Amino acid sequence: MRAERRKGAPRASGGAGFTLLELLVALAIAGLAFAALARGTGQGLQAGRIAGQYEEALARARSRLDAVGRAVALIPGEAAGEDGGGYRWHLRVAPLAVARPGEAGLPPVALYAVAVTVSWGGTDGDHGGAPRAVRLETRRLGPAPPRSPP
């Protein structure tokens with residue numbers, strides 16, 4: 001006599017579990033999800049580190065720019081140097097316009113273009129990676145440069 005199988009009843013062959021193939025597919029999917037999560041986390045950490053470097057470079061550039069005309073003379077020319085921590089700076093001061101008033105007692109003044117660039121990274125920088133830079137520009141009034149002899 002044949003035994004009738006009821007609908008929804010477990011199979012006699014042990015069908016109440018996962019097969020090996022189902023477990024392997026589930027593990028493969030979980031592994032792919034974990035790899036994507038790890039990659040995304042790594043990229044997020046790297047982006048945060050780079051953003052921090054930009055903030056520090058910007059603060060250094062602002063500091064250099066603020067010093068021009070106060071601690072650093074407002075003289076046309078260029079200067080550069082190391083700023084520590086793998087950061088390098090470059091300062092450029094160029095006269096844009098000179099006003100030499102004819103009235104007695106008024107000194108000649110000039111409008112200067114001032115640009116500061118702070119860079120970091122590259123193969124020889126402490127931060128490694130691609131070379132990066134922040135550039136700030138402003139205009140400053142200051143004493144006119146001396147006239148060159150005719």
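Colleague: What makes β2 and strand β3 a pair?
Modeller: The test is at least two bridges between the strands. In this predicted model, β2 and β3 (residues 109–120) share eleven bridges. Eleven meets the test, so β2 and β3 pair. Their sense is antiparallel.

Colleague: Which residue in β3 is the bridge partner of R92?
Modeller: R92 is partnered by A115.

Colleague: How do you know that strand β1 and strand β2 pair?
Modeller: Apply the cut-off of at least two bridges again. Seven bridges join β1 (residues 77–84) to β2 (residues 87–99). Seven passes, so β1 and β2 pair as well. These strands run antiparallel. Across this pairing, E82 faces R88 in β2.

Colleague: How many residues lie between the strands in the hairpin of β1 and β2?
Modeller: Two residues lie between them. In this hairpin, G85 adopts a positive phi near 70°.

Colleague: What is the pattern of the protein, read along the sequence?
Modeller: The pattern is α-β-β-β-β. That makes one helix and four strands.

Colleague: Let us turn to the rings. How many aromatic pairs does the structure hold?
Modeller: There are two. One of them joins Y54 and W120, with ring centres 5.0 Å apart and planes at 85°. The centres lie within 6.5 Å, so the rings pair. The angle is over 60 degrees, so this pair is edge-to-face.

Colleague: What parts does the pair of Y54 and W120 tie together?
Modeller: Y54 sits in helix α1 (residues 20–67), and W120 sits in strand β3. The pair therefore ties together parts that are 66 residues apart in sequence.

Colleague: Is W120 buried or exposed?
Modeller: Its relative accessibility is 1%. That is under 20%, so W120 counts as buried.

Colleague: Why is the pair of Y87 and W120 called tilted?
Modeller: The centres of these rings are 5.7 Å apart, within the 6.5 Å limit, so Y87 and W120 pair. Their planes stand at 45°. Stacked needs under 30 degrees and edge-to-face needs over 60, so this pair is tilted. Y87 belongs to strand β2 and W120 to strand β3, so the pair ties together parts that are 33 residues apart in sequence.

Colleague: What makes Y87 buried?
Modeller: Y87 has 2% relative accessibility. The limit is under 20%, so Y87 is buried.

Colleague: Which residues form one aromatic cluster?
Modeller: Y54, Y87 and W120 form it.

Colleague: Now for the charged side chains. How do you know that E56 forms a salt bridge with R60?
Modeller: The nitrogen and the oxygen must lie within 4 Å. Here the closest N and O atoms are 2.6 Å apart. That is within the limit, so E56 and R60 form a salt bridge. The two residues are four residues apart in helix α1, which means about one helical turn separates them.

Colleague: What makes R60 buried?
Modeller: R60 has 19% relative accessibility. The cut-off is under 20%, so R60 counts as buried. E56 has a relative accessible area of 35%, so E56 is partly exposed.

Colleague: Which residues does R60 touch, not counting residues up to four places away in sequence?
Modeller: R60 touches D83, G84, Y87 and V118.

Colleague: What makes the meeting of R64 and D83 a salt bridge?
Modeller: The distance is 2.9 Å, N to O. That is within 4 Å, so it is a salt bridge. R64 lies in helix α1 and D83 in strand β1, so the pair ties together parts that are 19 residues apart in sequence. R64, at 28% relative accessibility, counts as partly exposed. D83, at 22%, also counts as partly exposed.

Colleague: Which residues are linked in a network of salt bridges?
Modeller: The network links E56, R60, R64 and D83. The structure holds five salt bridges. Among them is the one between E137 and R135, at 2.7 Å, N to O.

Colleague: What share of the 150 residues in the protein do buried residues make up?
Modeller: The share is 21%. The accessible surface comes to about 11000 Å², and 60% of it belongs to carbon and sulfur atoms.

Notes. Residues numbered from 1 in each chain as written. Predicted model: local features only at pLDDT ≥ 70, side-chain atom pairs only at ≥ 80, totals over all residues. Heavy atoms only, no water. Phe/Tyr/Trp six-rings, centres within 6.5 Å; stacked < 30°, edge-to-face > 60°. Buried < 20%, exposed > 50% of the residue type's maximum accessible area, 1.4 Å probe, protein only. Contact = heavy atoms within 4.5 Å. Areas by Shrake-Rupley, 256 points an atom, 1.4 Å probe, with all protein chains shown as cover.
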